[in-house]
Amino acid sequence: MDENEQFRTDEDTKWFGVRSEGIASMKTSYIIETSRMRDFLEATISSRGQPNPKLQFPIRCLSYLGAHYASVTPENVESPVSACTTTQKGQPTTGEVNLYPELSTTGTTIPIFLADCEGITGGEPIAKRFQNTWFDTQKPRRKKYRIRAKLGRSEVVKDLYPRLLYTLSDVVCYVVSEPSWQDVLENLLEWSTTGAQHTINQAALPALIIILNIEDRKISNEWILPRDWDVHSEKDNPDPVTQYVFNIIKAFKAHKNDREIKNPKRACQYKVEAKDESDPDYELNGILTDLRRSYSRIQVHYIPRTGVRTIDNPDLLFQQIETLRERILAYSNFIQGLRAASLTQFNSRQFIIMTDYAFSHFCRDPEEPFDFGLFQQLTAVPDSVETHIFLVKSNVFDKNIQKYCQNAIRNFLDVYMPCSYIHDETFDLKVRCSNTRTGHTKGHQGPFGLFLTDGPFETGGIDEKSFMQSVEDKLQALAMNTNMDPGSGRGTWKSQVDKEHKKNIEALRNCGAYPNAKASKSYDPDIGSDTYEVLSLIRSNVEVILDSTLRVVESKPFIAGRFCYGCLFRKPEYALPCSHIICANCLRENMSTDSIYESMATAILKNCIICGDDNLSNRDGWPFTVPIRPDLTNPRVLSLDGGGVRGIMQLVMLERLESLIGLGLPIGRFFDLMVGTSGGGITALGIGIQGLSASKCLKRFKKISKKGFVSKPGMNIPGLKRISMFFRGSVYYVSSFEKVLEKKFRQGQPTGVFGLKNHCRVAVTTTVGTDTCLIANYNRGGTKKYLESLTTLWTAARCTSAAPTYFDPVSHEGSTCQDGGLNVNNPVQLAYQESQVIWGDNTRHDLILSLGSGKASHPQPEPTSTWLVPAPLLDLWKSFLSTMSGEDGWNTFFESQTSNVKARCKRLNVKLPGEYEPAMDAVGEIENMEAIARNYNEPYTKSLLTPYEPILGNCTENKLEIIADIMRAGQYFFQLESLKYPSSDNKNFVIGGRLRCLLGLTEIKNLKKLLARTSHFRINQAFDLKIPTSVDTLTGFNLPINFEHEDPKSPVRIDVSFGGTYQTAISGFPKDLRELQEYDDKVILNLNEAPNPPRESADTAINGEATNIAGGVSFADVKEESSTSAAISLSNILQGDDSQSENELSIVGTPDSE
């Protein structure tokens, strides 16, 4: 293989490199990352050194040795290109950074990969003459990072590469040949310190192996290690060559001779205090000390240079390479052990996220150090349940809760709280240490990475013991005060806890621990001096944490958390105008109670419970008003099939439904959950998250389809299409599709996915590998099932619609995403399961509506580009094409349900007249598909096998009209106020309450339209109830009713008539009497301090004293009940249970199980 071919083949191993674009002073530099490392990497080894034609030799040897152990033939081994005859001295061979697998570790728990980096001089590499395609960002999965600073190629190689490789590596191999120790040590120290002083909070430092690749005539025989050398014990017992180099390093001190290494120079460059030779502590602050501060282990290894003279022992070279391999494996396992112990061991997904974060970080600000601790916090790397507090309904401090609290404070001290050491000897400034306890391996470092001094982590007065005691004292005092109140019960306990929690949040805000520009930070006498002292101590540490956090989350603290900062328990969901995100429970508990009507179906929050922001801040959106689903109502779910441009038919049907409902509200107002795939996912993002009407979304969809499907050259020429696809990879330009997606989604609000700004929860599907994942506005993500949702709507749209061969895959937070339809083109089953995760396994639905993208006698013909689909996805791809109508998925789901559930499941799918279904990229047929969908009609068939059928009476209307009536009727709900049991005077149950409406005071016009269309209510099939003409819509719809129910086994019905021959059930009905009884027991009674007859009260003796616990919980009872609840909650966590209902108080802040 000639030189040209070798370098071109080696180009496929490129990992990342620098590339400049533009002319003269207008040039901009970029880091281009290829897809080389996307499918692997847990341990990385960097090879660096002086530019020399022989430096590729160690990696070549390691590659072939690994292949030997893996039984891989040499011709299949990837390794660096050796030097050629035209190589000049000092000229690097490798261009940029290449990556090679160590084949014997492939498939193991910790696979090893070898990163070959060009020399430190930054000269023109030989590879550049032959490699000119690796930086083509039009190729799939390339990433481009703009370097903000004006750095030349030499500066990038000398400064930026060391930071990246030091940050990402477990072992650094520094190769030296023909050593001039003056130059070697200066270059090594510069390379190492550049990396070390640009990382902070680094729990596991890389190991350093200095490889002496020199002529064998210059060596000592002692440098050849015996075959039985134990690499695991050499930290305390360095081998002769290591000791030899250590002695050379120690000999270099600060002399006047210009050829010696000057401490003052290093002090000036790295801001380390210079030491004079006469200083008795000089050796402790010398070169070796600096290196030991940068690496967890330092070892020197000798490999003889071949080609100089005949090696006496032909096995010598192999023996030394094999020992080097053993050292690398041992050190990698050692470093990974340190990572595991400090909860910073990344899986492959997290490592990909970290590389992306590191590239972005160093390109954005080369001078700012990479903060491992902050990255750990933002990505929630530790996923152990024991690192987070969780509380249950009966909040006590038994042994189980103590364990979690102890682990929580331990985790706070280890990962979040910086060291309290203050250094006041650096440039007459007081500098606080930035390292946390876990990341304190290098001693004290300042915020910009400079070394301050050695020393242990300092807690600053916060310790586990005092924290545990303060929690226990507070809980006991609170419980005692609660139980001393006459008639105290669960309601009193909850009220007291809420009151204390709000007081604590206010105190934290006032002393500056929670961000608030209006905070006075003044002493509040109601808090108490002891408490204020503790809060001030917390504030001083939180301010330091925020200082580093702000640089990443763009001055928006407490926004990107994985648990609600309002309660520290549940998952955040609702995005407030100030951008803070709180859970549904915090929204309900803090909403305004000025209007009884509004509190039932609308939450009004006057200010942020975290930062205190309100309408006085001149920020749009206050008061924050959002619909909420009242008790005793059922959710409505929308499932949207994939199908590319065929999704136009879904939008036409939604537009027709919107018109038939006739209330002047966008269609998304009538659904509580939407799950969409591919084109259906794009629709869900528009009507669900942005709240667009179906008409506006339809216009947007047309523009996206027509401007986003731009063919690459040659794709429309039959004879050239296959050839063009071979070179171009996909039919359409990704850039055109992404550009129009971004433009259209930017025209609405919000533009981000995560955080509910209305009531509707939305998820879109995507395929990662062969698994289906979700990007959801109600789940932050970061788990196997839920991907990161702190992203833009157009990114989510790309992830759900990246159909193979049509568009390239998209990389999203470490995952390679393709069209969600590959696994579930009809996501109705997934939508049903998500509703159970959100609202509980026993959730009943008002409506589960599945919308298809059209069906015909035969699926679309298989495209000619199928041969380009990767083998692991080929079966999924073919299944996707053959089942795009979604009917198979619907039938599977529908037939698996009970008759009660089937009664609420509806499917709309346009029957197309042709023999074959249109292709998913049939842009030219959009107008025709739209016209067919506008004329689509299908008769409605009632379910006669269940009493839960929503329609009462005879109906002849078509399915679209009936579904519109179901959605309109769902705006009414029933508020239970009393439930009387049968007695001697009345053998029936007597149910009392009010008919209410979901439409709030901001929707009075829509409410009037609803009332105008309403004829009457049919109450339990017994009597009709007319709406009084005197209804005051300014106070909302509020109609008192009382009625009887005879048979406890039959459901209770409340229906509404819109003037036809049938009535339609209101939300939540028909409903089992048992549900009304349970609600009466759990909610109605707990709202009152004393229970009402006919419930019986009970007296329970505790330690000889009688304590009334009727409807309440004493402190002793709490302890007993809590252990059971805690065990149940913990069991769910350990089993990876993601379920959490809106009203349930369970674990909070605990990452989902992987």
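Start by selecting S678, which sits in the loop between strand 21 (673-676) and helix 18 (679-689). Helices (H or I, at least four residues) and strands (E, at least two) are DSSP runs, numbered from the N terminus. This is a predicted model, where local features need pLDDT of at least 70, side-chain atom pairs count only at pLDDT 80 or more, and totals for chains, interfaces and linings use all residues. Residues are numbered from 1 along each chain as its sequence is written, and side-chain values use heavy atoms, leaving out hydrogens and water.

Stay on S678 for a moment: it counts as buried because its relative accessibility is 2% (buried means under 20% relative accessible area, exposed over 50%, partly exposed in between, with a 1.4 Å probe and protein chains only).

Next, hop to M37, in the loop between strand 2 (28-33) and strand 3 (43-49). M37 is buried too, with a relative accessible area of 0%. Select S348 as well: M37 and S348 are 311 residues apart in sequence but 9.7 Å apart in space, C-alpha to C-alpha.

Last stop: which helix does K707 belong to? K707 is in helix 19.
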